[in-house]
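Open the structure in a viewer and keep the sequence beside it. At each stop, select what the text names and look at what surrounds it.

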Amino acid sequence: ISPDQSRVAMGGPGKVVRIYNTKDGKLAHEIKKHTDWVTALEFSPDGVLLATADRNGGMFVWESETAREYLSLKGHSAAITDVSWRLDSNVLASSSEDGTVRLWEMNGGKQIKSWGAHGGGTLSVRYTHDGRLVTAGRDKTVKTWDGAGAAQRTFEAFGDIALEATFTHDGGRVLGGDWNGELRLWKSDDGTRVAN
């Protein structure tokens, strides 16, 4: 959903991105550029751009009002699993089954950083308000990183694949979930588990 809640974007196995107006439910735009399932999408925090990604490693950034292509971002060698915008809307993070997290700047679409985050595949990436990132992956772990991709903390491993991770609103805690449906809440500064 867009930050002003005026539009909803949806993807899926049909390879099409559809953008609907929330006021009347009418289709505003239909994007048919992807060559495989659309696996991730997110509006930028300022609402100007929409990032979309697919199972074939294709990733695009669109002008959210017009659905015109703004950037094509090439770099991942496997399915893209998640996208997340930095709060200033100038940098986009993407995660992939190729194990990497990549950071992209929006003035020209240059990749500014790439690192191996999780062996076997990175399934989730999220920015917090202060520019840190949290990831989850097939190695059953949740990890935090600084804005430049330097590792900060690896939390205790789950019993199965870690599917999702995010920070709380203040960045003080990290929430992670695995394939079996287990949810854990940790303190982000020292890794202490707060709840299960």
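Select Arg7 to begin. In this predicted model, Arg7 has a relative accessibility of 7%, under the limit of 20%, so Arg7 counts as buried. Arg7 belongs to strand E1 (residues 7-10), while Glu65 sits in the loop between E6 and E7; the two are 58 residues apart, and the pair links distant parts of the chain. Is Glu65 buried or exposed? Glu65 has a relative accessible area of 57%, over the limit of 50%, so Glu65 is exposed.

**The sheet beside that loop**

Next, select strands E4, E5, E6 and E7. These four strands form an open sheet, in the order E4-E5-E6-E7, with antiparallel pairing. Why is one side of E4 and of E7 left without a neighbour in the sheet? Strand E4 (38-43) and strand E7 (69-73) stand at the edges and each has a single partner strand, so one side of each has no neighbour there. From one strand to the next, the twist averages 15 degrees. As background, strands of a sheet pair through backbone hydrogen bonds, either parallel or antiparallel.

Strand E6 covers residues 59-63 and runs antiparallel to E7, with four bridges joining the two. To see one place where they face each other, pick Phe60, which stands opposite Ser72 in E7.

**A second pair that links loops**

Select Asp36 and Arg55. They form a salt bridge in which the closest N and O atoms are 3.1 Å apart. Asp36 lies in the loop between strand E3 (27-31) and E4, and Arg55 lies in the loop between strand E5 (49-54) and E6. The partners are 19 residues apart, and this pair also links distant parts of the chain. With 16% relative accessibility, Asp36 counts as buried. Arg55, at 37%, counts as partly exposed.

How many salt bridges does the structure hold? There are 16. For another of them, select Asp139 and Lys143, whose side chains meet at 3.6 Å from N to O. Asp139 counts as partly exposed at 26% relative accessibility, whereas Lys143 counts as buried at 15%. Then select Glu156, Glu182, Arg184 and Arg193 together: salt bridges that share partners join these residues into one network.

**Two hairpins**

Move on to strand E17 (residues 173-178) and strand E18 (residues 183-187). They run antiparallel and are joined by five bridges. Gly177 stands opposite Leu183 in E18. Which residue in the turn between E17 and E18 has a positive phi? In this hairpin, which has four residues between its strands, Gly181 has a positive phi of about 90 degrees.

Select Leu185 to find Ala195 of E19 opposite. E18 and E19 form a hairpin with five residues between the strands, where Gly191 takes a positive phi near 80 degrees.

Technical notes
Residues are numbered from 1 along each chain as its sequence is written. This is a predicted model: local features need pLDDT of at least 70, side-chain atom pairs count only at pLDDT 80 or more; totals for chains, interfaces and linings use all residues. Side-chain values use heavy atoms; hydrogens and water are left out. Two strands pair if DSSP finds at least two bridges between them. Axes are lines fitted to C-alpha atoms, for helices over the stretch in contact, and angles run from 0 to 180 degrees between N-to-C directions. A salt bridge is a side-chain nitrogen of Lys or Arg within 4 Å of a carboxyl oxygen of Asp or Glu. Buried means under 20% relative accessible area, exposed over 50%, partly exposed in between (1.4 Å probe, protein chains only).
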